[in-house]
Amino acid sequence: NKLEETGLSDNTIVFFTSDNGGLSSSEGSPTSNLPYRGGKGWIYEGGIRVPFLVKWPHVGKAGYENPAAVTGLDLFPTIMEISGIKTDNTDGQSLVAKIKGEVEKTSEALYWHYPHYSNQGGMPASAIRLGDYKLIQRLEDGRIHLYNLASDPGEKIDLVDAQPQQAEKMRSLLLNWYKETDAQFLREKDGKIPWRPE
């Protein structure tokens, strides 16, 4: 309303999103993220899948829905491209082509790293998403879990044993990403040494 009142709505781009899914623990006022599993503080979809809406006057179609996965890291390169500013070596990918409907798939792997315990009950874990597949690695013991989000959005069916090649491919990508980003991990606690990547 304020943009309309001030006459700025016609040349203002609005991004609406969140940094995490709804709180699903007993702390505060819990919400339901169903059909997704978990919530804030968890690496499951209920904790990391959030709305991402864009209002860009005179660009794209009103009500257009793009199924491509994106992350908050994509905001900076998107704003830079819209502004006509060239950027190199930034995290994330520009979403301009996706907003315009020219691209509807995410070909790059997306990563999440949550190497600590949270007050919402979440476990220390990392995740990689590649197409419809998502692999989660628990950082306490290194165990992995594989889900197909297209057929199983609630992450109930672990496919690690059924699709070992897919699991290993994604696990290798995640291990390489740890090295490339100098990812940090749990510290030794009470004499217990947590899992570390090879």
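Strands β5 (residues 133-138) and β6 run antiparallel and are joined by five bridges; strands count as paired if DSSP finds at least two bridges between them. The strands (E, at least two residues) and the helices (H or I, at least four) are DSSP runs, numbered from the N terminus. The model is predicted, so local features need pLDDT of at least 70 and side-chain atom pairs count only at pLDDT 80 or more, while totals for chains, interfaces and linings use all residues. Residues are numbered from 1 along each chain as its sequence is written, and side-chain values use heavy atoms, with hydrogens and water left out.

Within this pair of strands, I136 has H145 of β6 as its bridge partner. Five residues lie between the strands of the hairpin, and G142 there adopts a positive phi near 85 degrees. Strand β6 spans residues 144-148, and four of its five residues are buried, where buried means under 20% relative accessible area, exposed over 50%, and partly exposed in between (1.4 Å probe, protein chains only).

A nonpolar core is here a set of buried Ala, Val, Leu, Ile, Met, Phe, Trp, Tyr and Cys residues joined through side-chain atoms within 4.5 Å. The largest such core has 18 residues, of which L135, L146, M170 and Y178 touch the most other members. Strands β4 (125-130) and β5 and helix α5 (164-181) each supply at least two residues of this core. Helix α5 gives the most, with six residues. L135 can be followed in particular: leaving out residues up to four places away in sequence, L135 touches S126, A127, I128, I144, H145, L146, A167, M170, R171 and L174, contact meaning heavy atoms within 4.5 Å. A second, separate core has 11 residues, including I43, A69, M123 and Y147.

Charged side chains form a further set of links. A salt bridge is a side-chain nitrogen of Lys or Arg within 4 Å of a carboxyl oxygen of Asp or Glu, and by this rule there are seven. In one of these salt bridges, the side chains of K134 and E45 meet at 2.9 Å, N to O. Because K134 lies in strand β5 and E45 in helix α2 (residues 45-48), the pair ties together parts that are 89 residues apart in sequence. Both K134 and E45 are buried.

This pair belongs to a network of salt bridges that links E45, R49, K134 and E155. E155 is placed in the loop between β6 and α5, and it counts as buried because its relative accessibility is 0%. Apart from its neighbours within four places in sequence, E155 is in contact with R37, Y44, E45, K134, I136, Y147 and L149.

Two other salt bridges lie within helices. In helix α5, E168 and R171 meet at 3.4 Å, N to O; they are three residues apart and are therefore separated by about one helical turn. E168 is partly exposed, with a relative accessible area of 37%, whereas R171 is buried at 16%. In helix α1 (residues 2-5), E5 and K2 are likewise three residues apart, about one turn of the helix, and their side chains meet at 3.3 Å, N to O. E5 counts as exposed because its relative accessibility is 59%, and K2 counts as exposed because its value is 58%.
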